[in-house]
Amino acid sequence: MSASALSGKTPRGAAGRRGLALGLYVAAALAAIAAVLVIPLSAYSLNLLMQAATYAIAVLGLTIVLGYTGQINLAQAAFFGLGAYSVALGTTAFALPFWIALAIGVLIAAGAGAVLGLTSLRLGGHYLAMVTISFQTILTLVLTNWVAFTRGPDGVPNIRRPVLLAESGPYLGLCIAALFAVAWFVWRLKTTKLGRAMQAVRDNELAANVVGVDAYATKVAAFTLSALLGGFGGALFAGGFAYVSPDQFSFAESVVFLTMVLLGGAAAPPGAVLGTGLLILLPEWLRFLKVIYLAVYGGAVILIMVFMPDGIWGYAMTLWHKLRPERPFDPGFIAPLALTRETAREDGSVILSVHGLSKHFGGLKAVDEIDLTICRNTVHALIGPNGSGKTTLLNALNGIVRPTGGIIKLEGVDVTRLPPHRRAGLGLGRTFQNIRLFGAMSVLDNVMVGAEQPHPLPTLPRERGRVNRNTLPRLRGRVGKGAGGLERHALAALDFVGIAARAGARVGSLSYGHQRLVEIARALAGRPKLLFLDEPGAGLNHVEKDELVRLLKRLKGHGLTIFIIDHDMAMVEQVADHITVLNFGKRIADGTPSEVLRHPEVIVAYLGEERPALSRSHGAS
Amino acid sequence: MGFNLQLLFTGIGVGSIYALVALGFALIYRATNVVNFAQGDFAMLGAFAMVVLAIDLELPYWLSILITLVLLVGFGALFNLGVYYPLRNRSFLPVIISTIGASILLENGVLAAYGPRPQSLDSLFAVPGFSIGDVFFDSQYIVILVVTIVMVALQYVFFERTLIGKKMQATSQDKEMASLLGIPVMLTIMITFMYSAMLGGLAGILVAPVLFVTVGMGSSIALKAFAASIIGGFGDVTGAIVGGLALGVIETFGAAYVSVPYKDAFAFLVLFGFLLVRPQGIFGERISEKA
């Protein structure tokens, strides 16, 4: 299957090529099924292929959770086991039809995955590693010790297959069909809203939240899908081998699953299939190693991590991209973008009001009882010496840190307790002081994540705690025709900041100045009402700064309200309609640029005290 | 009453083993922000080294202990060079996976060299223990408890009162800044691995007489120790101790009153409970990413 045909990004002709790719893919699947039906295979080969196909389905689950979402799962064998035991006990002890048992197995695995994800994904990282290992250990204990139900260490024999597929050949055909279908699903998932959200969370969770992705829900969805595929693979496995026992689903097997996806490459489905195939055949080839086989295996894991971090498929893709340099992206005609949900009006009405906002870190009052009013369609600058609390204030305004006290109202609605992604949905956009882009995604995909967010939801502070259906990442949503619209919208945002031609590039390959522009485009794509810019001029040369000033003025001309932090007074004076000055977490001045920059306390804060007699030793910093 | 006191003593004894291994976790985590999934295998290596030295080579017990500790210090350095150092600039995920690979390599390497038969090691003391009333105090458990307390005290003094300890803390919090301040970051991390391997080896030496010496002994202890560190508060020394002791006691009582086969599940159920209610652990603080 051709990678370029499947990931074709140009809007024109993409649908046709996608159709052709799907046609070829289905033909390949049918050919594979026909091959196993026609070619007489030994029982041994059948078993090996059956194992490879069912394992690969479970490993594709890891592609989703580890490759797309960047979360570890050390319990895939447990989910595999849940599926397998459901079919095993379902078709024997409960005399259920195969398909019913399979469905139950898939549901149980997915349910277990959801519960596990809901409890541990807020923490992530090594907590998740630990929780999955714990779950794996507990499940093995239960399978071994609950003899009355699971038959204990002896395992479950005589598992039945579906009526029409009782022979090994046709059953293998079923497994292969399932594998092709799952691989297609996982491949397509990458270009859906949920798939892009997953990759955004993987690359930069904080930024994902801020552009409107509910990172937690996305991770739970990824984990649940992964567990579901684990259960599905396990259910098919049980039918294939007609016998299961607890040791087939131990922690060691979870590590095998993990190694498979890492060896092949976690970033795309072909890697998962490749890794699974290799590691199932490898034991056959490495028989001569006998007792040290597993030790070699452990050593191989370390070597893969060190020398081939993206796996075989990832390595091949890197080579491929080296051979084919980036072509300039031809977006065709780009319609101008409706940049904001607002229209230009300078009526002086208030868009954001902050009252008594405080953020304390232990005894340190980083933000101390701040009052702030931002008026519609103005550029409002926040200045102050280093460490005066500017970024902390911004973090509190868009929900990254929870304030110690105070109220934040966006258009009169209290948003103080809303998470960042909900605030993004209400029209707060933001960029970061140290650029936070989704490094492994293309420029276009970065901006598409920003564009994807739903239109202003009615604020329902009462709903806090409940899951809002509208903010849950959806699989359907704007795929297909809608995705085209989304793409055009993202391109328009890139065009506005002047870098549409680089849309196809990997974001990491861009210059620092261009990366800043991508970040601004990503925020604009969400059609914000109010845009927070945290030191957008930092690290830019004076030509780039002049361009930035022009960009800010154009944005204002479109009716956007901008709240900007910067140290460059010349720039602030040029763009700002209103300035607020912070020092030691307190607001020390507020007004028009000419008023504020002449304010004695501001001069003291920036330049230090002239007369020692009055010294309050604030010092210049 | 006597029965419960006996359980309490045994639980604290088992718990102090968890605490000792959890200390090693906390150390490496504080220096590198990485969880070492092969920490338990340091203990396994220590125990096997003792079997080889004290039983197979019939060296004196104290000399075997000394050689074992030296070997593990060296092994810690090797481990750092082979497993952590090449991945030092990558995210935590490749490092975790690499330490899991190391764990498989070590366990199966020892298995290939020594076979699956469990070995046993005698206690350092001729006296098995003493009784007060109904409660029997096993001398090995008392040794474990005492050594744990001593190591904790040392570690506290080390981190809070010595320059190298402070350097290690600085390294963990911000590698770049630490290196700008002239702290030899890589050397500091190297020392951390060497010390924590030694600590793991010490745990192995201490538990070898209580448990059978098997290739899997380390990872099962380490999982509990890891659970203990989360319960106590990750990276927190006091938390590691309290969490370890609590787990040991819970597990012992659970096995006595609820179910023996599910003994190993209690630790994890407690862990789930903590993650739901108080994920930062007893002594931990919530840490959020800097924007």
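First, the ground rules. Residues are numbered from 1 along each chain as its sequence is written, and chains are lettered from A in the order in which they are written. Since the model is predicted, local features need pLDDT of at least 70 and side-chain atom pairs count only at pLDDT 80 or more, while totals for chains, interfaces and linings use all residues.

Let me start with chain A. Of its 621 residues, 50% count as buried. Buried here means that 20 or more other C-beta atoms lie within 10 Å of the residue's own; exposed means 12 or fewer, partly exposed is in between, and the C-beta atoms are placed from the backbone.

Next, the domains, whose bounds come from an automatic or database domain assignment. Chain A is divided into domain 1 (21-246), domain 2 (345-427 + 528-621) and domain 3 (442-458 + 473-526). The centres of domain 1 and domain 2 of chain A, taken over C-alpha atoms, are separated by 50 Å. How many residues of domain 1 of chain A are in contact with domain 2 of chain A? Seven, and they meet six residues of domain 2. A contact means that the C-beta atoms of two residues, placed from the backbone, lie within 7 Å. The domain 1 side has four nonpolar, two polar and one charged residues. For those classes, Ala, Val, Leu, Ile, Met, Phe, Trp, Tyr, Cys and Pro are nonpolar, Asp, Glu, Lys and Arg are charged, and the others, Gly among them, are polar.

Now the two chains together. 37 residues of chain A are in contact with 35 residues of chain B. Which element gives the most to the chain A side? That is α6(A), with 12 residues. By class, the side of chain A that touches chain B has 25 nonpolar, 12 polar and no charged residues.

Strand β1 (residues 129-132) and strand β2 (residues 135-138) of chain B pair in the antiparallel sense over four bridges; pairing requires at least two DSSP bridges. B:F130 stands opposite B:F137 in β2(B). Two residues lie between the strands, and B:G133 in the turn has a positive phi of about 65°.

Back in chain A, two residues also have positive phi. Most residues other than glycine have a negative phi. A:A95, in the loop between α4 (76-91) and α5 (98-120) of chain A, has a phi of about 50°. A:A95 counts as exposed because it has 9 C-beta neighbours inside 10 Å. A:F584, in the loop between β9 (578-583) and β10 (586-591) of chain A, has a positive phi near 50°. A:F584 is partly exposed, with 16 other C-beta atoms within 10 Å.

Last, A:L89 in helix α4 of chain A. Buried or exposed? A:L89 has 21 C-beta neighbours inside 10 Å, so it counts as buried. Beyond its neighbours within four places in sequence, A:L89 is in contact with A:F94 and A:V156. A:L89 and A:T150 are 61 residues apart in sequence, yet 7.5 Å apart in space, C-alpha to C-alpha.
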